[in-house]
Amino acid sequence: MTTENPIPKPTDADKLGPLRGQVWLTLQTNQARRLIRGRNGTKGQSPIIGLGLFAERLRLIWQASRNDDPYADWWLIKVHDAIEDREALFQRLQRDLDERLTQMGSIEVDVAVSERPYRMPLQFANPYAYQAARLVSTYDALVCGALTASHIGVLDRASRDQIIELGARKIRGLFMIPQGYRFLRIERSDIQKGNDKNTQAVQFMGVVPDDVLSGKRRAPMAPTQRHLSSGYSRNLRLHSAPTAPATAPFPDENDDT
């Protein structure tokens with residue numbers, strides 16, 4: 001009588017490696033590219049936050065949200081709502097442009113694109129940074145449509161410039177949202193106790209809404225919260241993200257980064 005061999009215990013060599021892939025952003029217009037770079041502040045000129053600084057600041061908020069900071073949860077909600085609001089606006093503007101471009105009757109119109117588009121790799125620590133990059137891409141397509149519509153005479157110059165400036169202003173406003181967050185290493189327990197950290201947080205950022213404080217309302221793509229031992233987050237140090245490798249790991253349920 002023979003018995004079946006038991007399934008061998010997996011070894012380190014049997015374990016699957018992390019998923020890796022590449023994400024690229026391709027832009028056709030200088031207007032969109034300027035939103036990526038931003039602008040350094042100089043005498044007489046205030047700085048403009050670009051996608052890179054937005055993503056870096058958002059990374060700190062993402063980490064703090066994971067570590068039970070209700071203010072970070074609140075700021076992720078603000079970012080999520082702002083992205084949705086701007087996406088809806090851009091879709092409305094794009095529909096209007098599409099309708100105008102069909103006014104040429106039997107003349108087919110191909111929306112203008114760059115002969116040398118700008119292409120850059122993306123590596124962010126959270127999905128909202130990628131969503132912001134997608135919004136820049138949507139704006140880029142909107143600019144192409146507005147310039148094309150103006151060129152063929154179905155959109156006047158003033159309306160064209162209004163669309164382009166409105167879209168840029170909306171994205172710059174989104175990129176400014178994380179700048180209002182202060183990393184104070186605060187946790188929900190600090191607010192419940194009403195200690196000095198809570199006083200400082202209220203002074204800088206206001207009072208957290210009750211449904212956010214209770215955890216009932218969080219951003220749809222907020223990170224899974226870690227259950228930290230007492231005092232751990234107060235000793236946490238966050239560092240700048242390392243230089244992007246040639247391929248970036250894709251987090252999954254076993255690697256919530």
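## Contacts and overall fold

Among contacts between residues at least 6 apart in sequence, 80% join residues at least 24 apart. This is a predicted model, and of the chain's 257 residues, 35% count as buried.

Eight helices and four strands make up the secondary structure of the chain. Followed along the sequence, they give the pattern β-β-α-α-α-β-α-α-α-α-α-β.

## Helix H5 and its two sides

Let's turn to helix H5, which covers residues 157–176. With 1.5 Å a residue, its 20 residues should span 28 Å, and the end C-alpha atoms are 29 Å apart, which agrees.

The buried residues of H5 are Arg160, Ile163, Ile164, Gly167, Ala168, Ile171, Leu174 and Phe175. Looking down the axis of H5, you will find these buried residues within an arc of 120°, so they line one face of the helix.

Cover for the buried residues of H5 includes H1, helix H2 (51–66), helix H3 (70–101) and helix H4 (127–151). On the face turned away from the buried side, H5 carries the exposed residues Ala158 and Gln162.

## The second largest pocket

The lining of the second largest pocket has 13 residues, with Gln31, Arg34, Leu35, Ala168 and Arg172 nearest the pocket's centre. Sorted by class, the lining has six nonpolar, five charged and two polar residues.

Conventions. Residues numbered from 1 in each chain as written. Predicted model: local features only at pLDDT ≥ 70, side-chain atom pairs only at ≥ 80, totals over all residues. Heavy atoms only, no water. 1 Å grid on protein atoms, 1.4 Å probe; cavity = no way out; pocket = protein on both sides within 12 Å on 5 of 7 lines; lining within 4 Å. Nonpolar A, V, L, I, M, F, W, Y, C, P; charged D, E, K, R; others polar. Expected span 1.5 Å × (residues − 1). Buried < 20%, exposed > 50% of the residue type's maximum accessible area, 1.4 Å probe, protein only. Arc of directions from axis to C-beta. Contact = heavy atoms within 4.5 Å.
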